[in-house]
Amino acid sequence: VSQSRYTVDCVEFVFNIGMDSSMIGEVATVNKVKDEGGFLIPTLEGEMKASFGDFIIKGVNGEFYPCKPDIFEKTYEEVWD
């Protein structure tokens with residue numbers, strides 16, 4: 001899958017969950033997200049950049065935040081139903 005496809009997926013994800021950030025809105029485009037290498041997510045600690053390859057986690061209070069893959073793998077384990 002190309003980085004361009006990931007960019008479109010990121011933008012769709014953000015719009016679908018109703019999350020807004022300083023980059024995502026009427027004037028933002030897929031190319032802007034691609035050029036910036038990600039987008040900003042408003043978190044409880046302030047804005048954090050979600051870069052390509054990061055996980056986006058939804059917290060217990062409905063907040064979202066990015067997580068680097070190495071931290072994600074050390075913190076979480078896969079569960080199968």
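Glu63 sits in the loop between strand S3 (55-58) and strand S4 (64-67); strands are DSSP runs (E, at least two residues) and helices likewise (H or I, at least four), numbered from the N terminus. The model is predicted, so local features need pLDDT of at least 70 and side-chain atom pairs pLDDT 80 or more, while totals for chains, interfaces and linings use all residues. Residues are numbered from 1 along each chain as its sequence is written, and side-chain values use heavy atoms, without hydrogens and water.

Glu63 is buried but has no salt bridge. Buried means under 20% relative accessible area, exposed over 50%, and partly exposed in between (1.4 Å probe, protein chains only). A salt bridge is a side-chain nitrogen of Lys or Arg within 4 Å of a carboxyl oxygen of Asp or Glu. Lys58, the nearest side chain of opposite charge, is 8.6 Å away; Lys and Arg count as positive, Asp and Glu as negative, and His and the chain ends are not counted. A polar atom of the Glu63 side chain lies 3.0 Å from the backbone nitrogen of Asn61.

The whole structure holds two aromatic pairs. Rings of Phe, Tyr and Trp (its six-membered ring) pair if their centres lie within 6.5 Å; planes under 30 degrees apart are stacked, over 60 edge-to-face, the rest tilted.

| Pair | Centres | Planes | Type |
|---|---|---|---|
| Phe55 and Phe72 | 3.8 Å | 10° | stacked |
| Phe72 and Tyr76 | 4.9 Å | 35° | tilted |

Phe55 lies in strand S3 and Phe72 in helix H3 (residues 69-75), so their pair ties together parts 17 residues apart in sequence. Phe55, Phe72 and Tyr76 form one aromatic cluster. Phe55 is partly exposed at 34% relative accessible area.

Conventions
A polar contact is a pair of N or O atoms within 3.5 Å; within protein, one must be able to donate a hydrogen and the other to accept it, and residues adjacent in sequence count only if both atoms are side-chain atoms.
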